[in-house]
Amino acid sequence: MTSFYYQFQKSIKSLFIIFLVIISTQAYTQPYILKGCIYDADDKKMTLPLTNIVPLCDKNKGTASDDEGKYYLELNSIECDVDFLFLGYQKQTKKISFKGSKIITLDIYLKADNTMLSEIKVTEKRYDLKKDESTSSVSYVSQRKLEESNITTLNNAFDQVGGLIVVDNEPQMRGGSGFSSGLGSRVMIMMDEMPVLRVDAGRPAWNLIPMENVEQIEVLKGAASVLYGSSAITGAINVRTAYPKGKPSTKAVLYNGFYSRPKADYRCSWPEGTIPLTYGASLTHARKIRKFDLVLSAEYAKDDGFVGQELSVDSTLKNPDAYQKIMKEERIRFNLGTRYRIKDNMFAGINGNLLYSHHHMTHFWLSADSGMYRTYPGSLTEIKDLMFFVDPYFKYYTKNESSHSLKTRFMYSDNWATNNQDSKSEMYYLDYQFSKKFKKAGDLQLFAGVVGQFARSQGNVFAGVRKDSTQPLLPKYAANGALYTQLEKRFLKKKNLIVLGGARYEYFQIFETFGHFTKDSASGNYVEAKPVFRAGVNYNIVPTFTFFRASFGMGYRFPSIGERYLTTKVGNYGFYPNPDLKSETSWNVELGIQQMFKLLNFKGFIDVAGYYQRYNNYVEFFLGPWLTREQELNPLKRYGFKFFNTGPARIAGVDLSVGGEGKMGKQVKYTLLINYAYSNPKVLDTGFVFTETATKAYTYINTSSDTNGQIMKYRIEHILKADLDFKFFDMFSIGVSTQFYSLMKNVDKFFYELDRYSSIAPRNVRNSNAPFPFDGLENYRLTHDKGTWVFALRAGVEVSNVKFSVIVNNLFNKEYSLRPMCPESPRVTILQLVYKYTEGEPFFPKRKNQHNI
């Protein structure tokens with residue numbers, strides 16, 4: 001390994017020197033610049049974000065307006081016709097001539113396309129143009145929304161995305177996932193369309209994403225394995241990073257916040273006189289240096305958290321000196337983004353990200369009452385994490401309407417952890433894509449590509465089954481290769497019917513010894529390969545601005561190294577390997593409609609989608625007595641968690657979204673977004689035996705706390721989200737949001753059987769003197785069975801390029817838990833300061849005068 005890292009560092013240094021030589025010796029041509037802002041012609045204060053700007057002299061250089069409607073376009077031709085297009089508005093073409101100046105500022109005012117659409121405007125800064133033409137349900141989170149809510153890690157960015165919730169670090173899309181301790185994600189997490197899942201655990205690296213440099217977040221719902229591979233069996237999340245626009249710019253963010261004591265003060269894990277804090281800062285700089293784009297960002301964050309240490313409640317309250325604050329996380333992160341334009345139709349670059357994090361994981365609370373905000377003895381894991389990735393990439397556009405794209409990533413993770421949970425992993429990733437438009441075939445669009453991924457993992461936590469401690473700890477390897485293609489074509493005179501179809505062939509392998517390419521049980525080599533397909537259609541009724549969509553997609557997920565070989569112990573409970581775990585497959589059907597509308601001064605949209613997803617070999621994470629008598633004499637110490645294939649299942653449901661914006665008078669604007677998602681996750685074979693011990697065969701029926709309706713375990717069936725935001729005089733803003741989560745109806749029955757106060761606990765549990773983390777859980781769930789409402793409030797004032805905000809999450813300090821034995825945060829109050837500077841402008845520009853209209 002020493003030789004490998006020496007060669008790797010030497011290669012990086014050589015590449016860096018070559019890169020500097022190229023930059024210093026390249027002869028540059030100063031481009032012509034066209035910039036301005038896009039407005040609605042009827043409401044000249046209403047900007048149109050994400051308007052397409054297409055130069056007819058070079059269509060490959062098209063761009064789109066940003067969240068504020070501003071655009072910036074570089075051209076090499078002294079004269080050029082430029083199209084400005086926005087869905088629902090008339091196309092406008094401008095003839096641009098740079099004979100008098102190399103920089104032209106031009107504001108564009110687009111008119112609505114017809115009488116009805118003149119009364120309808122797309123909700124500002126809510127979603128991309130592509131959403132309307134998609135054959136599947138798509139949601140977007142803008143950079144503005146992330147800043148308003150002070151989002152510093154990706155897992156907190158989805159409070160207003162319908163049907164998506166992150167529970168205990170596990171993303172659950174439309175009820176497609178349950179409790180898995182964060183392993184084996186069914187939602188692919190990507191940054192710039194390349195995975196950022198830990199390759200050993202299949203766990204999202206939430207804190208690795210540079211949230212200070214995000215352009216937007218795209219959420220694709222439903223099976224997306226054809227597009228993004230195995231982990232996208234229920235959907236995909238892509239974070240698109242930002243590049244420089246216009247003049248060099250710098251943004252600084254400072255924040256400081258504190259946790260409130262729980263309403264029931266006796267549950268509080270810290271003594272009076274101490275206040276857990278959360279604070280941090282980030283700095284981002286972006287600039288263009290002729291043909292070279294550069295983005296640099298850095299972030300520091302520290303969060304004291306709200307869960308106390310492994311002491312009894314009485315000992316802390318009676319002796320405050322015994323209090324030792326547990327740090328939830330302290331991290332520092334650096335991000336680099338580059339793009340070099342070799343030619344007008346060719347560019348390349350190297351992006352990178354580096355993270356060092358010191359944090360703690362608390363798996364179980366001490367009890368459901370007084371110990372709710374305290375960790376169970378032995379279940380606290382301290383982790384020091386070093387992660388980084390390097391992304392060289394290249395893209396080339398040809399003159400015949402085709403393109404070549406090559407993206408690569410090397411990702412490294414080194415985790416030092418207590419509880420014998422150390423691990424190291426490496427990932428090598430490559431994605432080549434070719435696209436071409438066939439004009440003679442009616443602008444038929446082809447996408448085709450090849451993907452390869454290789455992973456290496458070593459550590460005690462993923463050791464798997466070993467005969468004894470003297471057996472060497474061998475690394476685990478995983479290899480993945482795929483071929484994919486997709487065809488897309490527009491039909492009818494107005495090109496308002498989109499039809500697409502795609503296929504992907506995926507090969508997977510997990511092994512300990514090189515040289516085996518087929519399944520071989522003696523060497524621990526497991527191989528599998530499967531094809532998956534997708535198809536979709538989107539039809540637009542142009543006069544009424546109505547969009548119908550339908551899609552079919554197949555899903556396929558190969559188990560991660562962690563799911564097959566997880567081996568550890570936390571709080572007297574084991575996490576056990578299952579090397580016989582098989583892959584799961586699915587197919588998904590979705591029907592949806594989106595309609596624009598106007599009601600008085602409110603103009604917006606309504607989107608409704610119904611879906612049905614069928615699974616085979618579904619993988620679940622279950623608690624049970626998985627150790628034998630020979631392995632553990634004490635019956636109460638045989639319990640632990642393990643992954644199993646549990647047979648067929650299906651999930652059906654409805655997604656509803658309503659959003660828009662309106663005005664109250666001349667100086668008050670407001671935006672509204674409401675999402676409701678209902679999912680009905682159902683086990684189809686309740687008698688399926690997923691494992692057997694010497695005394696019992698385990699099925700859904702005898703391991704579930706509630707079998708009514710055959711609901712799958714750890715699922716939230718009803719999720720309601722709403723957000724209302726007001727802006728006054730383009731200076732003051734105030735917003736309120738809320739989320740409702742229904743109770744997880746069904747959990748492991750063993751949770752109740754290990755609750756000393758439960759009605760179904762066996763005698764040896766009831767008579768035990770040792771506490772269990774399950775104590776009081778049955779009563780807690782019975783008294784909290786109506787679901788949970790959580791509110792948040794934010795208010796801000798923006799003067800010129802400085803904004804000050806107050807953000808309060810969990811406004812009413814609700815005490816609640818979504819996943820059993822895992823408490824959610826009490827109220828957090830945050831003060832935020834944002835400063836934005838554009839080079840060439842004053843540090844504090846004067847505010848423009850506001851005129852009544």
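Among contacts in the protein chain (heavy atoms within 4.5 Å) between residues at least 6 apart in sequence, 67% join residues at least 24 apart. The structure is a predicted model, in which local features need pLDDT of at least 70 and side-chain atom pairs count only at pLDDT 80 or more, while totals for chains, interfaces and linings use all residues. Residues are numbered from 1 along each chain as its sequence is written, and side-chain values use heavy atoms, with hydrogens and water left out.

The secondary structure of the protein chain comprises 10 helices and 47 strands, taken as DSSP runs numbered from the N terminus (helices: H or I, at least four residues; strands: E, at least two). Of the 853 residues in the chain, 56% are buried; here buried means under 20% relative accessible area, exposed over 50%, and partly exposed in between (1.4 Å probe, protein chains only). The chain exposes about 36,600 Å², of which carbon and sulfur atoms supply 58%. Accessible areas come from the Shrake-Rupley method with a 1.4 Å probe, and for residues only the protein chains shown count as cover.

In soluble globular proteins, nonpolar side chains tend to be buried together. A nonpolar core is taken here as a set of buried Ala, Val, Leu, Ile, Met, Phe, Trp, Tyr and Cys residues joined through side-chain atoms within 4.5 Å. The largest such core holds 118 residues, of which Leu154, Phe158, Ile217 and Phe751 touch the most other members. Strand β12 gives the most to this core, with 5 residues. Leaving aside residues up to four places away in sequence, Phe158 touches Leu164, Val166, Trp206, Ile217, Val219, Ile237 and Lys721. Another core, of 18 residues, lies apart from the largest one and has Ile53, Tyr71, Leu73 and Leu75 among its members.

Side chains of opposite charge can pair when their charged atoms come close. With a salt bridge defined as a side-chain nitrogen of Lys or Arg within 4 Å of a carboxyl oxygen of Asp or Glu, the count comes to 44. One of them joins Glu147 and Lys836, with an N to O distance of 3.5 Å. Glu147 lies in helix α3 (residues 143–148) and Lys836 in strand β47 (residues 828–838), so this pair ties together parts that are 689 residues apart in sequence. Glu147 is buried, at 13% relative accessible area, whereas Lys836 is partly exposed, at 33%.

A further salt bridge links Arg174 to Asp655, the closest N and O atoms being 3.0 Å apart. Because Arg174 sits in the loop between β11 (170–173) and β12 (187–191) and Asp655 in strand β37 (residues 649–663), the pair ties together parts 481 residues apart in sequence. Arg174 is buried, with a relative accessible area of 6%, and Asp655 is buried at 5%. Asp725 and Arg794 also meet in a salt bridge (3.3 Å, N to O), and both residues are buried. These two belong to a network of salt bridges that links Arg144, Lys145, Glu148, Asp723, Asp725 and Arg794.

Most residues other than glycine have a negative phi. Asp443, however, has a positive phi of about 60°; this residue lies in the loop between β25 (423–438) and β26 (444–458) and is partly exposed, at 36% relative accessible area. Asp730 likewise has a positive phi, of about 55°. Asp730 lies in the loop between β41 and β42 (732–741) and is partly exposed, at 29%.
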